[in-house]
Amino acid sequence: MTKTPVRVVYLTHTLGVGGAEELILNMVTRLPRDRYEPIVCCFEDPPGPIGPEIAAHGISVIPLGIIPGWRSPLAWWSIVRQLRRLRPTIVHTFMLPASLYGRSAAVAAGVPIIIGTEVNIYENKSPRHIAVERWLMAKTDRVVVSAESVRDFYIEQVGADPEKVDVIYNAVDWAQLTATVDRDALRAQCGVPPGAPVAGIIARLTEQKAHAHLFESIAKTAGLEALHLLVVGDGHLRASLEALSSSLGLADRIHFLGARRDLGNILAAIDMFVMPSLWEGLPLSMVLAMGAGLPVIATRVAGIPEVVEDGETGLLVPPADPVRLGEALASLVRDAGLRSRLGSAAKARVLPRFGVDGYLASVTNLYDRLLIEKHLA
């Protein structure tokens with residue numbers, strides 16, 4: 001008799017363009033369908049552009065149209081009702097809101113296996129949030145974290161049982177590196193003059209990603225007068241960052257491109273990649289840039305130093321330090337040999353370690369182990 005595939009519900013608050021959403025896309029579309037039946041539930045309605053991409057693979061995407069919160073019990077209850085209707089064997093949550101409200105709803109719905117995800121070091125969780133997470137850990141079978149540093153911080157923050165927190169490094173689909181537009185043509189489309197040095201950042205326009213520090217470093221560092229910056233991503237700070245670039249005299253050198261799916265074209269058009277985050281987990285756009293053979297400059301936070309070795313596979317600088325960031329940028333602008341050496345070493349480091357197939361194998365291995373532990377296999 002053929003076994004019925006195990007139903008897995010993935011809960012997330014959004015399916016916009018971002019690293020975590022890309023991870024969900026890469027995972028659910030590659031799950032072996034003879035063993036697992038993925039369903040994706042998203043708090044937002046519409047769910048965002050990643051939603052239709054998932055649905056195109058024949059996977060059910062259910063937008064819930066809710067904004068859960070402490071003062072929104074009906075929104076939380078709608079998650080419970082949906083899980084009771086779907087009756088999954090596994091609920092796997094992604095991103096902070098879904099990890100909190102989705103796991104608690106899964107407990108209420110009686111889901112046999114509950115898995116959370118922690119992809120960043122969140123230093124500013126409220127005491128109430130931490131208290132709920134401590135309670136949730138007793139009901140959660142595993143929390144998957146994106147780096148060793150994230151694991152250590154999370155265990156300390158919520159008093160988690162170390163045996164229930166697994167490190168599975170985030171991964172990317174290397175097929176994204178395929179370029180479909182000529183490098184010079186894309187630069188011209190962005191308004192970059194021929195021969196100009198170009199840096200790039202791919203990140204949401206939020207406080208976390210510290211675009212303002214990057215802009216300041218470009219404006220105030222000698223040797224960066226010709227540098228152009230491609231800013232890929234969107235977010236609530238877009239208007240204020242555009243105003244900042246103008247006030248710094250950089251409006252003609254900082255190019256806001258919005259959210260893009262053609263990251264291979266973007267990475268092929270730049271000379272270096274920058275990730276100046278104030279806090280992190282393991283940024284997937286940085287890993288992708290390293291796989292493209294680009295030299296990266298990143299801040300020494302969370303999981304970044306687990307991938308970027310300073311002076312070997314990239315350059316590390318302190319967070320919130322535009323001076324050091326500018327110095328690192330200037331060193332890459334003036335030294336083509338350094339760019340080449342760091343980029344080649346970065347590519348050699350990440351290609352064997354951060355492909356999505358390895359991530360998928362680790363996740364499905366976790367599912368299989370938990371099914372056996374729960375006598376559900």
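The following legends describe close-up views of a predicted model. Residues are numbered from 1 along each chain as its sequence is written, and side-chain values use heavy atoms, without hydrogens or water. In this predicted model, local features need pLDDT of at least 70 and side-chain atom pairs count only at pLDDT 80 or more, whereas totals for chains, interfaces and linings use all residues.

View A. The largest pocket has a volume of about 1,200 Å³. A pocket is an open set of points on a 1 Å grid over the protein atoms alone, where a 1.4 Å probe fits, with protein on both sides within 12 Å along at least five of seven lines. Its volume is the space filled by probe spheres set on the points, which are joined across faces, edges and corners. The lining comprises 49 residues, and G19, N120, R204, Q208 and K209 lie nearest the centre of the largest pocket; lining residues have an atom within 4 Å of a point. Helices α1 (19-28), α4 (96-109) and α11 (284-291) each supply at least two residues of this lining, and α1 gives the most, with 5 residues. Helices (H or I, at least four residues) and strands (E, at least two) are DSSP runs, numbered from the N terminus. The lining divides into 23 nonpolar, 14 polar and 12 charged residues. Ala, Val, Leu, Ile, Met, Phe, Trp, Tyr, Cys and Pro count as nonpolar, Asp, Glu, Lys and Arg as charged, and the others, Gly among them, as polar.

**View B. The second largest pocket.** This pocket has a volume of about 250 Å³. Of its 13 lining residues, K3, V6, R35, L371 and A377 are the closest to the centre. Helix α14 (residues 356-373) provides the largest share of the lining, 3 residues. By class, the lining of the second largest pocket holds 7 nonpolar, 2 polar and 4 charged residues.

**View C. Helix α4.** The 14 residues of α4 reach 20 Å from the first C-alpha to the last, close to the 20 Å expected at 1.5 Å a residue; the expected span is 1.5 Å times one less than the number of residues. Because 10 of its 14 residues are buried, α4 is largely enclosed by the rest of the structure. Buried means under 20% relative accessible area, exposed over 50%, and partly exposed in between (1.4 Å probe, protein chains only). Among the buried residues of α4 are L100, Y101 and R103. Just after α4, G110 takes a positive phi of about 75°.

View D. C42 stands opposite P63 in β3. From β2 the chain crosses through α2 to β3 in a right-handed β-α-β crossover; right-handed denotes a clockwise path from the first strand over the helix to the second, with the strands pointing away from the viewer. In the loop between β2 (36-42) and α2 (50-55) lies P46, and the peptide bond from D45 to P46 is cis, with omega near 5°.

View E. Most residues other than glycine have a negative phi. A320, in the loop between β13 (315-317) and α12 (322-334), has phi near 55° and is partly exposed, with a relative accessible area of 45%. H375 lies in the segment after α14, has phi near 60° and is exposed, with a relative accessible area of 72%.

How values were computed. Pairing = 2+ DSSP bridges.
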